[in-house]
Amino acid sequence: MSDQTTQKGTVLKGRNTLQAHKKKEAVAAWLFSAPALTLLLVFLIVPFILAFYFSLTNQRLIPNPNLPTRIIGLTNYIRLLSDSTFHRAILNNFYFAGVVVPVQTSFALGLAMLVNKKLKFKNLFRTIYFSPVVTAMVVVAIVWGFLFNPTDRGFINRLLQSITFGNVQPLEWLHDPKLALPAIMILSIWQGVGFQMIIYLAGLQDIPNELYESARVDGANSWQQFFNVTIPQLRNTTIFVAISTTILAFKLFTQVWVLTQGGPMESTMTTMVLLYRQGFRQLRVGYASAIAVIFFLIVLAVSLIQKLIMKEERAVS
Amino acid sequence: MRKLICFFLMLLLILPVFAGGKKEKAVEGPTVIKVWFHSGKGEEREVLDAQVKEFNSMQNEVRVDPVRLPEGSYNEQVSAATLSGDLPDLLDFDGPNLYNYAWAGHLIPLDPYISEELKNDLLPSILQQGTYGGKIYALGTFDSGLAIWGNREYLEKAGVRIPNGIDDPWDFKEFKEALEKLQALPETEYVIDFKLNYGQGEWYTYGFSPIIQSFGGDLIDRSDYQSAGGVLNGPEAVKAMEWFQSLFEEGYSIIRPPGDDDFYGKKIAALSWVGHWMWQPHRNGLGDNLVLIPMPKLGDRAVTGMGSWCWGITSQSKNPEAAWKFLSYLMQPSQILFMTNANGAVPSRKSALAKSELYGEGGPLQIFADQLRGGVAVPRPITPAYPTITQAFAEAVQNIITGGNVKEELDKAVQKIDQDIKDNEGYPIPE
């Protein structure tokens, strides 16, 4: 009888310690995530809530005490819907992302495969391809601005002329409404590709060699190995690269601001440039906040759709 | 124990977020004033640095604590500082941006500080653009000038009359004939360089609104600044912009000049429509062949632009007297000349102007000064709606020169401007 009681007591005590342990773990978890959470709260969540609130008001950048900020409901949103510059900005964003994401991702994979080979100086090549990433975008933009010189003295125009034996007339690049956005795409891809390359490189090195060996035993050639081993094995890497590139593409601002400020004829206008112009140049913080909120929803939707289409394989323990 | 260490480490990580906001101790001694200015061209910055240094060492009541901000985003930074309440005592503004700050009560009127003597000595343009709602809010140490630069050799060869001064400018017919004659010269590829390589921006408003004004239109109805309707899209403005558009369509000018130097370097353009700041390159490129031609009378009168950087004292300043002391030092004729001899701009005081080699009587740039003194210059619209006006107008100009329908583009600009004024309840002038 007494034996039974003691046993029961031990079980109970065991359950208690387990619960206490779990509780302790939870406290530690919260403590450890506290710094990150605080920063997220202060720099992301609070600003977003503020932006949402401002978007319902006519908040000015230079506040006037005689004309206090008023809540104006959905006026900013209604006006955005009929703002042709905003439409153009959104379209440009999709155009930019639509070109840059696939091209940059494929280039990155190609480069990663190259520098993953047993080449001489392979670390040198890796460094060279990665170096644009560590260069500030403003610097990259200014340098490319010189390269895109519209006269026949421009580097890129000279290059085009010499490889086509003078059949291409000097292009006006950043001054031509049709070429300005493609020019910015080119420099953005050049600047960003190294980062994705590194991620792909890590992904490539994670693929077990046995898979290639058995593929070779089965008689697969290099192309078949690439399509049936490499690509499927890089699935999760590709998803990560595609989504992060998409979000970066939508945030397009710096290079445009430095080189064209949205011109010529709004051909390089992007949502971020419009937001900055409305908020800081035209002093309409309320309207700019509405742009921010809509932009957030669009990017969120795009990433969710992407995730749905490319279902990530989660490791199940 | 480990838990405790963990906790303190955590605390250390979080602390910096909440830290800051140390209290400053009051120090006896000179009154310190914070001064912000844009870090402009090299010479301008060097002069201002030297002036701050000299001012600080020549007296010990006021000490200037200067902060240079990059010019590219200067306006944005000042606006953001206004919202967060961090404005300094004294700061400089790019021309018409001033009115927003004055309207919203962030600047104090300078009238009580300005002596009658100083007021009478200032260029009328400086007073005009510094005044909002009947009070003076800003003073500039220099002003700007816009006119037509010409290549004397080409003008003489084509038989075009070179005006002597602002009393005998070209009229519309003469200007038109001059364009035709110069176009026929074998040396020119086109006649007039409008500096479109500067890109769509403030230049469009500064450089091309005088065309509309010369034809008899304007950017906004200046009687009450409530609407641009019938003014910016009225028959005069439409006629002006249609004429401007035709200059590009008929090849007298080109929309995308390949560089900056078609007039003074390659010499394939006979005229250049640009401001005083091109004096040095023009002089170096053309030498004695350079002539300065006053703005033409396209309609009833000749009109040019004005305005540059100017100084204002903020209402947040606890020591406006000290700030004024520094500003009045900068406004001394000798200091004005120190600055304008370096940056080449038009001195803002008549007494300094008289002593200037460039702008004084018989100086090569006297026409700029005459235009500012003689009522040819018109300030950009004196209203807090200016940021919207300039953006809307520049957009319209860009679309017009690339072939847009003039009336439609101007209508669009009017709509944007009127909407902005309505959104701000007409920008009521404070009492």
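Chain B and chain A bury about 3,000 Å² between them, 58% of it on carbon and sulfur atoms; buried area is the accessible area (1.4 Å probe) lost when two parts are put together, summed over both. The model is predicted: local features need pLDDT of at least 70, side-chain atom pairs count only at pLDDT 80 or more, and totals for chains, interfaces and linings use all residues. Residues are numbered from 1 along each chain as its sequence is written, chains are lettered from A in the order written, and side-chain values use heavy atoms, without hydrogens and water.

The contact (heavy atoms within 4.5 Å) takes 37 residues from chain B and 34 residues from chain A. Across it the rule finds 5 salt bridges, a salt bridge being a side-chain nitrogen of Lys or Arg within 4 Å of a carboxyl oxygen of Asp or Glu. One of them joins A:Arg70 and B:Glu425, with the closest N and O atoms 3.3 Å apart. Helix 1 (2–18) of chain B supplies 7 residues, the largest share of the side of chain B that touches chain A.

The residues on that side divide as follows, by these classes:

| Class | Residues of chain B |
|---|---|
| Nonpolar (Ala, Val, Leu, Ile, Met, Phe, Trp, Tyr, Cys, Pro) | 17 residues |
| Polar (the others, Gly among them) | 13 residues |

Note on methods: Helices (H or I, at least four residues) and strands (E, at least two) are DSSP runs, numbered from the N terminus.
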